[in-house]
Amino acid sequence: MIRKLIPFLLVAGLTACANTGTSSSSRSAPATDSSASAPSSSDSSGGGASYGGSPNTSSRGKTCDAADLQSQIGQKATQSVMEDLRTRSGSTTARILRPGQLVTMEYNATRLNLIVDDKDVMTAIRCG
């Protein structure tokens, strides 16, 4: 009996996961723009978001532009380097994302992400 229910439960669980985030008429509508919220103070190494590759503008007019920073890929990421790149990009916050680090999926258009390898060498620089 249990063996017959396992596929059904797996499909039901995956369907529930896939439907998470969709609004229905019985629920209140979620906020449509997460970048409209006030940016938090500087993220250092924790937290997370999905990566963005293009510059974006929030409702407050702040921008993050990582295009001019791509020449820094291959250098070691330190707190002082992160702060310098944050200032140069025009972002309000910055963080270093290490391999295997858990990150949330919220998108912050004013945040700079420095993606590093296991030796803290930058492999990508993105906004988001």
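1. Apart from neighbours within four places in sequence, Ser89 is in contact with Thr63, Cys64, Asp65, Leu69 and Leu112; contact here means heavy atoms within 4.5 Å. The model is predicted, so local features need a pLDDT of at least 70 and side-chain atom pairs count only at pLDDT 80 or more, while totals for chains, interfaces and linings use all residues. Residues are numbered from 1 along each chain as its sequence is written, and side-chain values use heavy atoms, with hydrogens and water left out.

2. Ser89 belongs to helix α2, residues 79–89. Helices (H or I, at least four residues) and strands (E, at least two) are DSSP runs numbered from the N terminus. With a relative accessible area of 4%, Ser89 is buried. The classes are buried for under 20% relative accessible area, exposed for over 50%, and partly exposed in between, with a 1.4 Å probe and protein chains only. The side chain of Ser89 also makes a polar contact of 3.0 Å with that of Ser91. Such a contact is a pair of N or O atoms within 3.5 Å; within protein, one must be able to donate a hydrogen and the other to accept it, and residues adjacent in sequence count only if both atoms are side-chain atoms.

3. As to the chain overall, it contains 2 helices and 5 strands, in the sequence pattern α-β-β-α-β-β-β. Of its 128 residues, 28% count as buried. Contacts between residues at least 6 apart in sequence join residues at least 24 apart in 59% of cases.

4. An open sheet is formed by 3 strands in the order β3-β4-β5, with mixed pairing. β3 and β5 are its edge strands, each pairing on one side only. On average, neighbouring strands of this sheet are turned by 15 degrees against each other, direction ignored. Two strands pair if DSSP finds at least two bridges between them. Axes are lines fitted to C-alpha atoms, for helices over the stretch in contact, and angles run from 0 to 180 degrees between N-to-C directions.

5. The pairing of β3 with β4 is parallel, over 5 bridges. Thr93 has Arg111 of β4 as its bridge partner, and Ile96 stands opposite Leu114 in β4. Helix α2 packs on the sheet and touches β3, β4 and β5, its direction making about 135 degrees with that of β3. β4 and β5 run antiparallel and are joined by 5 bridges; Asn113 has Arg126 of β5 as its bridge partner.

6. Is β3 enclosed or open? Because 5 of its 5 residues are buried, β3 is largely enclosed by the rest of the structure. Thr93, Arg95 and Leu97 point one way from this strand, and Ala94 and Ile96 point the other way.

7. The whole structure holds 4 salt bridges, each defined by a side-chain nitrogen of Lys or Arg within 4 Å of a carboxyl oxygen of Asp or Glu. One of them joins the side chains of Asp84 and Arg88 at 3.6 Å, N to O. These residues are 4 apart in helix α2, so about one helical turn separates them. Both ends are partly exposed: Asp84 has a relative accessible area of 40% and Arg88 one of 44%.

8. Another salt bridge links Arg98 and Asp120, whose closest N and O atoms are 3.2 Å apart. Arg98 lies in the loop between β3 (93–97) and β4 (111–116), and Asp120 in the loop between β4 and β5 (122–127), so the pair ties together parts that are 22 residues apart in sequence. Arg98 is partly exposed at 32% relative accessibility, whereas Asp120 is buried at 18%. Asp120 takes a positive phi near 65 degrees in the hairpin of β4 and β5, which has 5 residues between the strands.

9. A salt bridge is also formed by the side chains of Arg111 and Glu106, at 3.3 Å, N to O. Arg111 is buried at 2% relative accessibility, while Glu106 is partly exposed at 37%. Arg111 is also the bridge partner of Thr93 in the strand pairing.
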